[in-house]
Amino acid sequence: MIRRFLSLEWKSFARSASFQTNLALKILMALGALYFIVCFLILGLAVYPILKEQGYNPVQTINRIMIYYLTADLIIRYFMQKMPVMNIRPLLVTPLKKSTVIHFLLGKTWFSFFNIIHAFFLVPFTAMMLYKGEPVGSTLAWWLGISALIYCCNFTNILLNNKDAVFYPMAGLVLLLAASQYYGWFDITAYTYPLFQAVFDTPVMALVPVVLLGLLYYATYRYFVGHMHLDEKLASKAEIAQTENLTWLNQFGTLGTFLKNDIRLLKRNKRSKTTLVMSVLFIAYGLLFYTNSIEAYQSAPMQMFAAIFCTGGFLFVFGQFIPSWDSAYYPLMMSQNIQYRDYLMSKWWLMVLATFVSTLIASFYLYFGWDVYKMIIVGAVFNMGFNSHLVMLGGAYVKTPIDLTTSKQAFGNKQAFNAKTMLISLPKMLLPMGLYSLGYYTHSSDLGALLVAGAGVLGFAFRDRVFSQIEKIYKVEKYATLAAYKQKA
Amino acid sequence: MIQVQQLSKMYANGVKVLDINELEIPKGQSFGLVGNNGAGKTTLFSLLLDLIQPTTGKVINNGVAVSSSEAWKPFTAAFLDESFLIGYLTAEEYFYFIGELRGQNKADVDALLAKHEDFFNGEILTKKKYLRDLSKGNQKKVGIIATLIGNPEVIILDEPFANLDPTTVNRLKKILKELAEDPNVTLLVSSHDLVHTVEVCNRIVALHLGQVVKDIQTSPETLQELEAFFAV
């Protein structure tokens with residue numbers, strides 16, 4: 001049976017219209033994964049001797065921070081890990097046991113990158129422990145216990161999927177705890193440390209996380225079983241619709257018509273709503289850089305990186321997938337009384353407006369001085385003038401349809417921001433980073449800022465020319481895009 | 001109004017799904033397209049709307065070659081399938097959206113909607129439902145009426161009768177007959193249902209494996225002729 005499922009999986013991957021773009025991305029992702037694997041390997045080998053050298057007890061120290069390691073893992077998973085996706089509907093009436101389908105679905109996640117990656121840290125670390133003469137029984141029990149906990153994260157994440165109401169308060173609580181530890185008000189690790197240490201001190205305690213894992217697996221399994229009826233969770237829930245007229249946008253003519261639609265799109269679909277939340281989070285991302293809390297972030301290119309990120313959140317999480325947001329009704333857009341240019345222009349304006357608003361919100365960075373806010377403004381100019389065009393250009397080739405409703409796939413993937421988005425964003429940050437460093441190291445930060453802003457202004461100046469080119473590309477790609485959107489993801 | 005010249009569509013596997021040497025649809029005609037599955041009806045309509053690329057030949061809509069200019073869009077309206085609906089809008093918002101694209105103000109659209117109130121049968125307007133939550137039949141009603149917004153000169157409907165309840169089918173026939181009588185409107189309708197098509201259209205073209213096999217002006221004998229043709 002498993003063999004048949006695997007062949008189905010392979011077919012859906014290899015036969016999708018976006019196969020080629022997917023393949024290129026997969027290769028990029030593999031390179032990214034390799035990078036993380038090497039990082040974790042080095043970490044796993046080096047942490048033990050370094051801690052020892054610094055006069056800490058390595059195992060105790062690791063156990064102390066383990067709670068943060070696991071929560072960080074959970075948070076990263078929440079945003080990045082894809083849910084096990086499978087089109088369950090057609091399988092419901094086939095003579096297949098539901099349990100087989102679900103076990104396969106859950107089984108797939110065992111081999112997820114987000115689980116495997118930890119082995120690259122844990123295995124060398126455990127090996128190091130043994131090599132340095134920690135008791136064998138305790139060490140192996142600890143390894144087993146922690147591995148089980150990592151898998152617990154895996155299934156917790158599946159259960160948590162898309163329960164923003166649960167997730168965000170939890171993430172907030174963790175941040176609060178981290179902050180209070182940093183400022184020495186309250187130390188959560190004092191309470192959690194003994195739990196992890198117990199596994200090491202009393203090897204038999206390793207059974208606790210293993211049993212927990214078993215229970216979580218069972219809970220996830222039950223959850224999926226309970227949701228496999230068409231009339232319950234697989235069916236779409238009809239929401240009470242709210243009419244919004246947004247008449248104030250009428251004064252912008254056709255542009256206003258499209259903007260109205262895009263605002264509704266953003267507000268009424270789960271997936272696009274998350275992009276809004278993400279954009280706001282991106283604004284806060286600069287805090288890591290400009291509060292001088294992390295040393296590696298002090299260099300000139302990294303400062304520019306943060307500036308681009310702060311205001312470019314919306315651009316990256318929403319803009320990258322233009323025109324895929326309209327994939328469900330792309331034939332309408334292509335046959336209605338819409339000139340291509342108007343359509344593209346409205347998307348461009350949406351991105352420019354969002355970037356502008358982000359820049360306004362980011363004005364709290366003035367607290368860190370004019371220099372910091374200057375960087376952010378420069379980054380915003382670059383985002384509006386240059387990256388907005390780049391994003392639209394890329395959009396012509398992104399042919400992955402976005403299923404806004406996801407009602408047909410109850411266990412569908414609704415995340416807005418995943419590893420894929422991250423990767424295609426990178427080039428848009430490398431250029432300003434390079435330009436800024438060039439100015440910064442040859443002359444001053446002002447020259448660097450000038451270069452970046454200049455590139456942005458140049459983008460504005462050539463807007464019409466660039467748009468004509470983009471329009472041409474969209475027209476050439478039109479038929480392929482229409483065909484690709486016809487397939488449901 | 002619409003000229004089709006040496007139009008063919010071939011897919012990579014070498015199968016020709018459409019091959020029409022010459023087809024002329026004069027202004028004001030109501031044109032019915034019938035044929036079995038795979039006859040090429042939707043392919044032809046998609047080509048008329050420049051949604052797919054022809055292998056050879058071209059479509060000219062009111063003097064505009066559809067694949068090289070967008071100037072046909074202002075006077076052409078179509079509803080082929082649900083991908084012409086925007087799922088996250090309510091019916092009213094969708095109508096106003098289309099209206100704005102076609103240069104109609106809210107009052108114009110409201111007047112049109114009021115005219116077709118009985119067609120909606122009280123299931124569409126002020127229902128506080130997004131289009132994605134409507135049933136297939138009700139979605140179709142929305143899509144069909146939306147094509148009437150802004151008095152288009154060319155209206156293309158793919159399988160408008162499918163998925164509709166019997167009462168609505170009769171109401172739709174009334175609407176389509178009215179359009180057929182309007183000398184400014186060129187109406188293109190495809191269907192599997194010979195009776196409905198004959199009733200509404202004054203010219204019927206039958207496609208088989210991508211080729212025109214019958215081209216008849218509707219007369220009292222048309223239905224029999226078609227039924228004989230499709231008989232097993």
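Select Leu207(B) and look across to strand β10(B): Leu207(B) stands opposite Val212(B) there. Strands (E, at least two residues) and helices (H or I, at least four residues) are DSSP runs, numbered from the N terminus. Two strands pair if DSSP finds at least two bridges between them. Here β9 (residues 203–208) of chain B is joined to β10(B) by six bridges, and the two run antiparallel.

Before moving on, note that this is a predicted model: local features need pLDDT of at least 70, side-chain atom pairs count only at pLDDT 80 or more, and totals for chains, interfaces and linings use all residues. Residues are numbered from 1 along each chain as its sequence is written, chains are lettered from A and ligands numbered from 1 in the order in which they are written, and side-chain values use heavy atoms, with hydrogens and water left out.

**Stop 1: the six-stranded sheet of chain B**

Six strands of chain B make an open sheet, in the order β6-β7-β8-β3-β9-β10, with mixed pairing. Find its edges: β6 (76–79) and β10 (211–217) of chain B each pair on one side only. Neighbouring strands are turned by 15 degrees against each other on average, direction ignored. In a regular strand the side chains alternate between the two faces of the sheet.

Next, select residues 41–48 of chain B. This is helix α1, which packs on the sheet and touches β3 (30–34), β7 (154–158), β8 (186–191) and β9 of chain B. Contact means heavy atoms within 4.5 Å. The direction of α1(B) makes about 150 degrees with that of β8(B). Axes are lines fitted to C-alpha atoms, for helices over the stretch in contact, and angles run from 0 to 180 degrees between N-to-C directions.

Then take residues 222–230 of chain B, helix α8. This helix also packs on the sheet. Its touching partners are β3, β9 and β10 of chain B, and its direction makes about 160 degrees with that of β10(B).

One backbone detail waits at Glu159(B). Its phi is near 50 degrees, a positive value in a residue other than glycine. Glu159(B) sits in the loop between β7 and α6 (166–181) of chain B.

**Stop 2: the four-stranded sheet of chain B**

Which strands come next? An open sheet of four, ordered β2-β1-β4-β5 in chain B, with antiparallel pairing. Its edge strands are β2 (16–25) and β5 (64–65) of chain B, each pairing on one side only.

Zoom in on β1(B) and β2(B). Eight bridges join them, and they run antiparallel. Gln3(B) stands opposite Glu24(B) in β2(B). The two strands form a hairpin with five residues between them. Click Gly14(B) in the turn: its phi is positive, about 85 degrees.

Slide to β4 (residues 56–61) of chain B. Two bridges join β4(B) to β5(B), again antiparallel. Ile60(B) stands opposite Ala65(B) in β5(B).

Helix α1(B) returns here. It lies across β1 (2–10), β2 and β4 of chain B, running at about 120 degrees to β1(B).

**Stop 3: where the chains meet**

Show both chains. The contact takes 30 residues from chain B and 38 residues from chain A. About 3200 Å² is buried between them, and carbon and sulfur atoms give 53% of that area. Buried area is the accessible area (1.4 Å probe) that two parts lose on being put together, summed over both. Highlight Glu70(B), Tyr88(B) and Leu101(B): they supply 22% of the area that chain B buries against chain A, more than any other three residues.

**Stop 4: helix pairs in chain A**

Select α17 (residues 370–395) and α19 (residues 445–461) of chain A. They pack at an angle of about 30 degrees, with axes 7 Å apart. They are therefore roughly parallel to each other. Angles under 35 degrees count as roughly parallel, over 145 as roughly antiparallel, 65 to 115 as roughly perpendicular and the rest as oblique.

Now try α11 (residues 254–268) and α16 (residues 340–361) of chain A. Their axes come within 9 Å and cross at roughly 60 degrees. The pair is therefore oblique. Among the contact residues are Phe258(A) of α11(A) and Trp349(A) of α16(A).

**Last stop: a cis bond**

Where is Pro323(A)? Look in the loop between α14 (300–317) and α15 (330–335) of chain A. The peptide bond from Ile322(A) to Pro323(A) is cis, with omega near 0 degrees.
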